[in-house]
Amino acid sequence: MIRKFISRVLGRKAPGHTGDPSVIPHSKHGIRRDAISNGSRRTVETLQENGYKAYVVGGAVRDLLAGIKPKDFDVATDATPEQVRQCFRRSRIIGRRFQIVHVMMGQETIEVTTFRGHHGQQDSHRAHTDEQGRVLRDNVFGSQKEDAARRDFTVNALYYDPVAETVVDYHQGLADLKQRTLRMIGDPATRYREDPVRMLRAVRLAAKLDFAIEQATRRPIGELAELVENIPPSRLFDEMLKLLTSGQAVKCVQQLRTEGLHHGLLPMLDVILDQPLGERFVMLALENTDRRVHEGKPISPGFLFATLLWHEVLAKWEVLKSGGERPIPALFQAMDEVLDVQAEKLAITRRVAGDIKDIWSVQPRFEQRSGKRPYALLEQPRFKASLDFLLLRAESGEVDAELAEWWSDFLDADGETRAAMLLPQKPDEKKKRRRRKRKPEQSAPAETPQ
Ligand code: ATP
Ligand code: MG
């Protein structure tokens, strides 16, 4: 009581120096027990029945309090992974660096994490860092208090107990949530050095939640922006994908630019934002992605990255063609070069790279609207995505709107209408086809991408 009074009079307690957490009753936080998924509630109940502490934690609690539907529900506990596994018949331990348990509840998979220790507090627990301060290994179990301190933002360090219907708050996260503020736990610069992904998370979460980034949290970002270069490519790919499919891609990308997080660091964003010709295309693509997310439609990472890099491909393609290379081989070479440059920073998975190439390689074939070729194109594995891509190109003014309309109509038309839509073959095209028949190897690249 007295402590609460003092802290109210003195204002915020310094982060990291708080003692006991606030335990907030339902009347103050308002999260309804049935707002969390059945699976996560049953997981928490089972762990508690077995004598362990267990909470729904992280993004789900934050999103519920902010009035957003959570994507998934993670559980944190003081039980070790082995102990968790013993509580659930359908569960398995995954991960090497830091083990977590996947608990299967009906259709749901709940990720259960043991409280993690806050590295650096005790010498024996000190995390291994690289020369910039990035944490390389961080795999000690800890207390709930330590677990809260190693999370990134105060609003991400809230623990919801659906049995007691309380929220446990070590860092005044609820107050920040109410003030719509994203505040780093601990010293922001140190926390960014430990893990530069946090700079990107700050931007993404502020855009997603429509929160302001608190001043001290924001200030070091400009200075430390170059540390983004140290992020391992696979993490960067995951984080970029989250950012671009957040439903706030346009806002996120604009904010990254404002914070100086795009320049020279993320080749992908460099490409997007510093290319006036491509910018319109990319912004249309991001708006389109945001709209799809809001409509609950799926987003294909391949499509997304294909749009982001298209103008880079176009530029390289032009150079190669004007150097005398034939158009189709030149396109394939340009595609490979662009993807290779990205691969150094961003681990685009093989499957996604395959999707990207399928979409790109089909684009010149949309120009052919006579004979049998349009029918063959309809049979391409990613025809629909490739057509959506063509529609975006038309909308941005890169190709004629008439071309994209023709293809949309052709797709929807019945057999007779399709036949009537075909354009007459140009005389020189007929000649070319005859010549190709004599030398079949010349037509191969256009028909068989890859
Ligand atoms: P969203 O799921 O909307 O992307 P999230 O905050 O839930 O956002 P997750 O990656 O699911 O993000 O992480 C779950 C929780 O783990 C976070 O809420 C935060 O407490 C903690 N966390 C995630 N990434 C970091 C990080 N880089 N540094 C410290 N804590 C982190
Ligand atoms: Mg999450």
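User: How many residues apart are Asp 355 and Arg 351 in helix α17 (residues 350-362)?

Analyst: Start with the general idea. An α-helix has 3.6 residues a turn, so residues three or four places apart point the same way. Here, Asp 355 and Arg 351 sit four residues apart in α17, about one helical turn. Helices are DSSP runs of H or I with at least four residues, strands are E runs of at least two, and both are numbered from the N terminus. The model is predicted: local features need pLDDT of at least 70, side-chain atom pairs count only at pLDDT 80 or more, and totals for chains, interfaces and linings use all residues. Residues are numbered from 1 along each chain as its sequence is written, chains are lettered from A and ligands numbered from 1 in the order written, and side-chain values use heavy atoms, leaving out hydrogens and water.

User: How many salt bridges does a search of the whole structure find?

Analyst: Side chains of opposite charge can pair when their charged atoms come close. The cut-off is a side-chain nitrogen of Lys or Arg within 4 Å of a carboxyl oxygen of Asp or Glu. The search finds 26. One of them pairs Arg 191 with Glu 194, at 3.0 Å between the closest N and O atoms. Both residues are in helix α8, three apart, about one turn.

User: Which residue forms a salt bridge with Glu 259?

Analyst: Arg 218 does, with closest N and O atoms 2.8 Å apart. This pair links distant parts of the chain, 41 residues apart: Glu 259 is in the loop between α12 (249-258) and α13 (267-273), Arg 218 in helix α10 (residues 215-224). Glu 259 is buried, because its relative accessible area is 7%. Arg 218 has 36%, so it counts as partly exposed.

User: What is the volume of the largest pocket?

Analyst: About 1,700 Å³. Of its 43 lining residues, Glu 111, Arg 116, Arg 201, Arg 235 and Lys 242 are closest to the centre. A pocket is an open set of 1 Å grid points, over the protein atoms alone, where a 1.4 Å probe fits, with protein on both sides within 12 Å along at least five of seven lines; lining residues have an atom within 4 Å of a point. Points join across faces, edges and corners, and volume is the space filled by probe spheres set on them.

User: Why does the largest pocket lie between domain 1 (2-186) and domain 2 (232-423)?

Analyst: Because both domains give residues to the lining. Helix α9 gives the most, six residues. Elements that supply at least two include α4 (59-65), β6 (108-114) and α11 (233-244).

User: How far do the C-alpha atoms of Glu 146 and Arg 116 lie from each other?

Analyst: They are separated by 6.7 Å, though the residues are 30 apart along the chain. Glu 146 belongs to helix α6 (residues 144-149). Its relative accessibility is 18%, so it counts as buried.

Technical notes: Domains from an automatic or database assignment. Buried < 20%, exposed > 50% of the residue type's maximum accessible area, 1.4 Å probe, protein only.
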